[in-house]
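Hi everyone, thanks for coming.

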Amino acid sequence: MLLADAVFLAAASLLARRRRPYRAPGPIASAGPAAEEEDDGDGDEEAGRTVGYPVVLVQIPMYNEREVYKLSIGAACGMSWPSDRVIVQVLDDSTDPTVKDLVELECKFWANKGKNVKYEVRNNRKGYKAGALKQGMLYDYVQQCDFVAVFDADFQPEPDFLMRTIPYLVHNPRIGLVQARWEFVNHNEFLMTRIQKMTLDYHFKVEQEAGSSIFGFFGFNGTAGVWRISSIKEAGGWEDRTTVEDMDLAVRAGLKGWKFIYVGDVKVKSELPSNLKAYRRQQHRWTCGAANLFRKTGVEIILTKEVSLWRKLYLIYSFFFIRKVVAHVVPFMLYCVVIPLSVLIPEVSVPVWGVVYIPTTITLLYAIRNPSSIHFIPFWILFENVMSFHRTKATFIGLLELGSVNEWVVTEKLGNSNGTKSVPQILEKPRCRFWDRCIISEILVAAFLFFCATYNLVLGDDFYFVYIYLQAITFLIVGTGFCGTSSSNS
C-alpha cells in the first residue's frame, strides 16, 4: 500500500510540474473603470489607485513568542500591499506580562508608521490557536475583508507574498485556499534539522503538489496560506475539536466543494525545531491530531454528497488511512519489531522483497526530489524509524482518544532569522540536565534491539545484525537526548 501510494504521488507531482493545471494569473489591476469613476467622484487619487485591490486580513497568532514576535510582525507589515487595503491582526494569547507588553509596543511602533495593526488579546486560551483565530474573525473590522492570510509567529513572508497569491483567489471564485511552501532559515544547523527539511520538502514537493494538481485538495499547513473568508464561513469556521485545526478546516471546506491551490514557487521563511523534545511534541500534536480527525470525520466524508466518489476515496484511503496511519505504524512494526524478532525465531523468514526491495524503492521515491540531500538518506532512514515509534504511539492515542489526545504545547522557537544561533532577548535559560533529556521508552527499545543484534551476530546465519545495531545506536542517541540542542526555552 505504501509503495503504490508513493508511486502514485510521485507520478502526480512530476506531471503537475509539467502540466501546471493552475497557472499564475495576471496581476490585480490597480486601476480600471471603477477606479476612474471613484477618482472622478471625490478626487481622491490614492483611492483610485487602490480600489482594485481587495481588503486582506493578516492574522498572526502568538503565545509567549519573545524570540520571534518582531520578525513576524515586521515581515507582515512590510508586505507590498496598499496600506489602506490590509489589516494586520496580532492575536496574542501570551501569559507572560513582559512578552505581552513587548508585543503591544511592537504593534504600536508599526501603527505609528502608518500600518493598520490591531493588537487583540483574550482573557483565556480556550481552543488554543483555533480559538484565537476564531475570535479574531468576530471583530467588526473583519467584515470589510475578503481574504485572510495566516502566519505563525516564526514565519516571515516576503514583501511580494500577497501580490503573488491573492490573484489566484481574485480570478477564480471557486478557489478557497492558496498555500505557499515553507522555507527554513536553520536547516543547516545540524543533522536533525537537515533530516526535518528532507521530510518536509517531500511533503510539499510531492504530497501537496499531487493533491493540488489532481484533486484540488490537500491539508492546510496552518500557516503561510491565504483563505477566502467566505469559504471559511461556509465550512463552519475554525474548530478546536482536534489539535490539527488547520487540517480540520481544510477537510470541511473541501467537502463543501472548494478548490485548493499549492503554489510551490512562493516560499515563506520559517524555523525548524532545534530541540528534540520540542520536535517530539510537535510531531505528537500533528500525528495524534490527524488520527483523531480521521476518527471524527470518516463517516462524514463517506456520507457527503457535495464531492465526487473519486475525491472521497482519495480522502479516506490515501490522505488519511495511508499517510496518517499506515505510514507511521508499518515502518516501526517492520524495522523495529518484525525484523528484530525474526532473528530470535528461526522458523520465521522475512522475504527479501519485504525487507529490501520495496523499502528501497519507497526510499528512492522520497529521495528523488531531494538530490542535494541524497548523502543523508541513511541517517534519515534511521532517525525516521525512531520517530515512527513516537508517531505510532501518537496515532493510536488519536484513534482511540486516549489521555493526551488534546495535548497542545507550542513549539519552541529561537528566532534564527538567518540560520545563526540567536541570543534570547530577555533571559538565558539554564542548561538542561542529562537525566531531564532522557526518554525511557526509546532507551528500552534500544536495549531490545541491542539484544536482538547480538543474538543474530552470535547465533544467526544472516547479516541483519548490521542494520539492527545501527538502529539500536540511533534509538540510544535519541533516547539519551544527544540530538538537537540540549537546552529548551519551553
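**Starting from one alanine**

Let's begin at Ala291, which touches Thr395, Gly398 and Leu399, leaving out residues up to four places away in sequence. Contact here means heavy atoms within 4.5 Å. Before I go on, a word on the source: this is a predicted model, where local features need pLDDT of at least 70 and side-chain atom pairs count only at pLDDT 80 or more, while totals for chains, interfaces and linings use all residues. Residues are numbered from 1 along each chain as its sequence is written, and side-chain values use heavy atoms, with hydrogens and water left out.

Back to Ala291, which lies in helix H11, residues 276–303. Helices (H or I, at least four residues) and strands (E, at least two) are DSSP runs, numbered from the N terminus. Is Ala291 buried or exposed? Ala291 has a relative accessible area of 0%, so it counts as buried. The cut-offs are under 20% relative accessible area for buried, over 50% for exposed, and partly exposed in between, using a 1.4 Å probe and protein chains only. Ala291 and Ala394 sit 103 residues apart in sequence, yet 8.2 Å apart in space, C-alpha to C-alpha.

Now zoom out. The chain has 17 helices and seven strands, and 54% of its 490 residues count as buried. Take the contacts between residues at least 6 apart in sequence: 81% of them join residues at least 24 apart.

On to the rings. How many aromatic pairs does a search of the whole structure find? It finds 30. Rings of Phe, Tyr and Trp (its six-membered ring) pair if their centres lie within 6.5 Å; planes under 30 degrees apart are stacked, over 60 edge-to-face, and the rest tilted. Tyr202 and Tyr366 have ring centres 3.9 Å apart and planes at 15°, so they are stacked. Tyr202 is in helix H8 (residues 191–215) and Tyr366 in helix H13 (residues 352–367), so the pair ties together parts 164 residues apart in sequence. Tyr202 is buried at 4% relative accessibility, while Tyr366, at 23%, is partly exposed.

Phe220 and Trp227 make an edge-to-face pair, with 5.6 Å between centres and 90° between planes. Both of these residues are buried. They also belong to one aromatic cluster, together with Phe217, Phe218, Phe260, Phe294, Phe319 and Phe320. Lys324 lies over the face of Phe319, 4.8 Å from the ring centre. For a charge to sit over a ring, NZ of Lys or CZ of Arg must be within 6 Å of the ring centre and within 35 degrees of the ring normal.

What about H8 itself? Of the 25 residues in H8, 20 are buried. Just after H8, Gly216 has a positive phi of about 65°.

Last stop, the core. Which residues touch the most other members of the largest nonpolar core? Among its 87 residues, those are Val58 and Phe161. A nonpolar core is a set of buried Ala, Val, Leu, Ile, Met, Phe, Trp, Tyr and Cys residues joined through side-chain atoms within 4.5 Å. Another core, of 36 residues, lies apart from it, and includes Ile339 and Val445.
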